[in-house]
Amino acid sequence: VERVTIPVLQQCKEERRRIVMTTAYDAVTARIADPIVDVILIGDSVGNVCLGFDNTLPVSMAMMNHHLDAVARTRARALLVADMPFLSFHLGIEETIRNAGGFLQRGAAAVKLEGGAKRIEMVRALVDCEIPVMGHLGLTPQSVNVMGGFKVQGRKADDALRLLDDAHRLQEAGCFALVLEGVPAELAARATEFLTIPTIGIGAGPNCSGQVLVFHDVLGLTEGHRPKFVRAYAEGFQLLQEALSRWAADVRSGVFPGPKESYRLPEGLAETIAT
Ligand code: KIV
Ligand code: NA
């Protein structure tokens, strides 16, 4: 099977074939997603999805590396993009390059980082080191404290114009693609139209070059509140819990394990150990 590369994504945009991206955090989720999608993101959403945090801010480079390693070991055909966690690209160019370069050495093909104008210098530095960068604008979860919650961005004229300007700057700085999260559909459509690089939307309407959703959201594995932009294609949480409870009931009633799930002694030995 042919591996998905960055030029393939650019071709998708030019030929108007929509790009499909989801997250994976370990070998199981990567193996399920890999034959289906174009891009696998090792998202810092691992913090809330898998590690029990309320937001992505506590996610460290060590945590990201741990999960990236598990995904990379599957030798996926999809393009692997690793998310730069909070504070991994803010403290200086050298540390940023070391963190992002480390992701590539561990098997990622690219990194993603949140933010616009303020992050251009870091984006340029990474691109100068042959580290491909995916941008991320709009509802950037690492800005939760500044935004005052997870709220749709770019609804006011100045915010919308700033987002378009940021998008242009990220493209100029060398980003190969751009995630647009939690923005009005018309704004994402406008950015997709004037940018030459592909846009990948999440809560950004249908007129992007591709779409991304968190793996656990697509499969209904997350409990409780579902954001408006999520469509769950399975009720995974209930489905898995129902199967697990049937096994538990079989254990409690003595129906599991049965003869098919048990090993037997060779002919004659049963009598020997009985005496
Ligand atoms: O961490 C993540 O899962 C993301 C995607 C939702 C874009 O950044
Ligand atoms: Na993220």
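Two strands are taken to pair if DSSP finds at least two bridges between them. Helices (H or I, at least four residues) and strands (E, at least two) are DSSP runs, numbered from the N terminus. The model is predicted: local features need pLDDT of at least 70, side-chain atom pairs count only at pLDDT 80 or more, and totals for chains, interfaces and linings use all residues. Residues are numbered from 1 along each chain as its sequence is written, while chains are lettered from A and ligands numbered from 1 in the order in which they are written.

Strand E1 spans residues 19-23. Parallel pairing joins E1 to strand E8 (residues 210-213) over four bridges. In this pair, Ile19 stands opposite Gly210. E1 also pairs in the parallel sense with strand E2 (residues 39-42), over three bridges. Here Thr22 stands opposite Ile40. From E1 the chain crosses through helix H2 (residues 27-33) to E2. This β-α-β crossover is right-handed: with the strands pointing away from the viewer, the path from the first strand over the helix to the second runs clockwise. E1 is mostly covered, with four of its five residues buried (20 or more other C-beta atoms within 10 Å of the residue's own, C-beta atoms being placed from the backbone).

Helices H8 (residues 157-173) and H9 (residues 185-194) form a second contact region. Their axes come within 10 Å and cross at roughly 30°. Axes are lines fitted to C-alpha atoms over the stretch in contact, and angles run from 0 to 180 degrees between N-to-C directions. H8 and H9 are therefore roughly parallel (angles under 35 degrees). Their crossing is right-handed: the near helix is turned clockwise from the far one by less than a right angle. Ala160, Leu163, Leu164 and Ala167 of H8 meet Leu187, Arg190 and Ala191 of H9 (contact: C-beta atoms, placed from the backbone, within 7 Å).

Notes. Buried ≥ 20, exposed ≤ 12 C-beta atoms within 10 Å, placed from the backbone. Parallel < 35°, antiparallel > 145°, perpendicular 65-115°, else oblique. Contact = placed C-beta atoms within 7 Å.
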